[in-house]
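Here is a short report on one protein model. Please keep the sequence and the structure in view while reading.

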Amino acid sequence: MIIQTAPSGTPRLAIMMYEHTALCLQFAHAFGNDRFEPLSPAQQMIHVVSHHDAGWFDFDRDPKIDPATGLPYNLVETPPEFITVTSRLSPEFNQHQHPYCGLISSMHSWGLYNGRYGLSKLVLLDKIAAKDRPLADKMLNGELERQKRLKAELAADPEAQAWIDERKLFQNYKALQFLDTLALYFNRIHPDERVEQAFENVPLSPERDVTVTIRPAAADTYHLSPFPFAADGGEFAFRGRRLSPADGNRPGGWPAALREIPADTEYFRLASGWTPHAGSS
C-alpha cells in the first residue's frame, strides 16, 4: 500500500498496489510514439506492467499498522519480513501467465533492492538494515535462480529467444521502471507538493535511452519532456481512500475500513510543450 503525503492533520490518501498498477497500465497502453518504441512483446509486457505488484494483493486487504502513524504501513516503511514476501510472490504470480512475465517481474523485484540495476535514483527499497540482510538475500538469491530458470525456458522457445537478448530485455525492464516510477510520482506525493523530477534511462529503443523530466503546470496538467506517449494531453486517473488513524477502530478493524470507505479519484493530464534545461534529455 502507498500512503500519500498530505498537509499536517488531514486524512491521507491510501492507494492499494492494484490501484497503483492500474495507473501503470494506463501509462503502458499510452507509451510509445515516433520517437519512443512501444512495448513489445505487447501481450506479455502489458500483463506484467499491470501485475508487477500482484504479491501485495492479500497484504493490502489485511495490512499491518505502523505505530508511528496509526495507519497501514506505507510501501517504503513496510517491515522486511512482510515486504520480502510480496517481492517473491509478485514474480511467482506473473510466471504462471508466461515465463517472460515472470522474468521481467523477477528483475523488478531484484532491482528494487539493488538500485534498480543502477539505472535510477528512484529506488525506495535498497536501504535494508544489516540485521535484515539475510532475509532479503534469501529472497534475492531465489529470484536470481528464478531468472536463470525462466531464461532457459525462453531460450528454448523460437519466438521468445529474441526477447532475452540483453539489450531487448533491459529495454523492457527500463520501460517498466519508468512506468512504475511515474505512477509513484503521482501516488506518493500530494498534488500541492509535486515538483520537477527526472526519470533516467527511459528507453527509446534497445540501443538508446533518454532522461524524461516532468514539471507541474496549471490546472492538474503536467508537462513531460521529451514526451513518451502517443496522445498529447491525455487524461489519466487513479483511486485511493482517505484514511485517518481512527478508521481502524471501526468493527472489523482495518480490513473492514478498507472495504467500506469510498474511494476518491484523482485526475490529471500529461502534455508536451516544454523544453527542459540542456543536458536533461
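This is a predicted model: local features need pLDDT of at least 70, side-chain atom pairs count only at pLDDT 80 or more; totals for chains, interfaces and linings use all residues.

## Helix H8

Helix H8 runs over residues 166–188. H8 has 23 residues and spans 32 Å from its first C-alpha to its last. That is close to the 33 Å expected at 1.5 Å a residue. H8 is mostly covered, with 20 of its 23 residues buried.

Beyond its neighbours within four places in sequence, Asn172 touches Ser40, Pro41, Met45, Tyr100 and Ile104.

## H1 against H8

Helix H1 covers residues 17–30. H1 packs with H8 at an angle of about 125°, and their axes are 9 Å apart. The two helices are therefore oblique to each other. H1 passes H8 in a right-handed crossing.

On the H1 side, the contact is made by His20, Leu23, Cys24, Phe27 and Ala28. H8 supplies Leu179, Asp180, Leu182, Ala183, Leu184, Phe186 and Asn187. By class, this contact of H1 with H8 has nine nonpolar, two polar and one charged residues.

## H4 against H5

Helix H4 (residues 80–95) and helix H5 (residues 99–112) form another pair. Their axes come within 7 Å and cross at roughly 165°. An angle over 145 degrees counts as roughly antiparallel, so H4 and H5 are roughly antiparallel to each other. The crossing of H4 and H5 is right-handed.

From H4, the residues in contact are Ser87, Ser90, Pro91, Asn94 and Gln95. They meet Pro99, Cys101, Gly102, Ser105, Ser106 and Ser109 of H5. What is the make-up of the contact of H4 with H5 by class? It has three nonpolar, eight polar and no charged residues.

## Helix H9 and its cover

Helix H9 spans residues 253–260. Its buried residues are Gly253, Trp254, Ala256, Ala257 and Leu258. The elements that cover them include helix H3 (57–61) and strand S3 (65–66). Strand S4 (71–72) and strand S8 (234–243) are also among them.

## Cis peptide bonds

A cis peptide bond joins Ser40 and Pro41, with omega about 5°. Pro41 lies in the loop between H1 and helix H2 (42–51).

Pro226 sits in the loop between strand S7 (221–225) and S8. S8 is one of the elements that cover the buried residues of H9.

## Positive phi angles

Asn201 is not a glycine, yet its phi is positive, at about 55°. Asn201 belongs to strand S5, residues 197–203. Is Asn201 partly exposed or buried? Its relative accessibility is 24%, so Asn201 counts as partly exposed. The cut-off for buried is under 20%.

Asp220, likewise not a glycine, has a positive phi of about 60°. Asp220 is found in the loop between strand S6 (209–216) and S7. At 52% relative accessibility, Asp220 counts as exposed, because the cut-off for exposed is over 50%.

Technical notes. Residues are numbered from 1 along each chain as its sequence is written. Side-chain values use heavy atoms; hydrogens and water are left out. Buried means under 20% relative accessible area, exposed over 50%, partly exposed in between (1.4 Å probe, protein chains only). Helices (H or I, at least four residues) and strands (E, at least two) are DSSP runs, numbered from the N terminus. Contact means heavy atoms within 4.5 Å. Axes are lines fitted to C-alpha atoms, for helices over the stretch in contact, and angles run from 0 to 180 degrees between N-to-C directions. Angles under 35 degrees count as roughly parallel, over 145 as roughly antiparallel, 65 to 115 as roughly perpendicular and the rest as oblique. A crossing is left-handed if the near helix is turned anticlockwise from the far one by less than a right angle, and right-handed if clockwise. Ala, Val, Leu, Ile, Met, Phe, Trp, Tyr, Cys and Pro count as nonpolar, Asp, Glu, Lys and Arg as charged, and the others, Gly among them, as polar. The expected span of a helix is 1.5 Å times one less than its number of residues.
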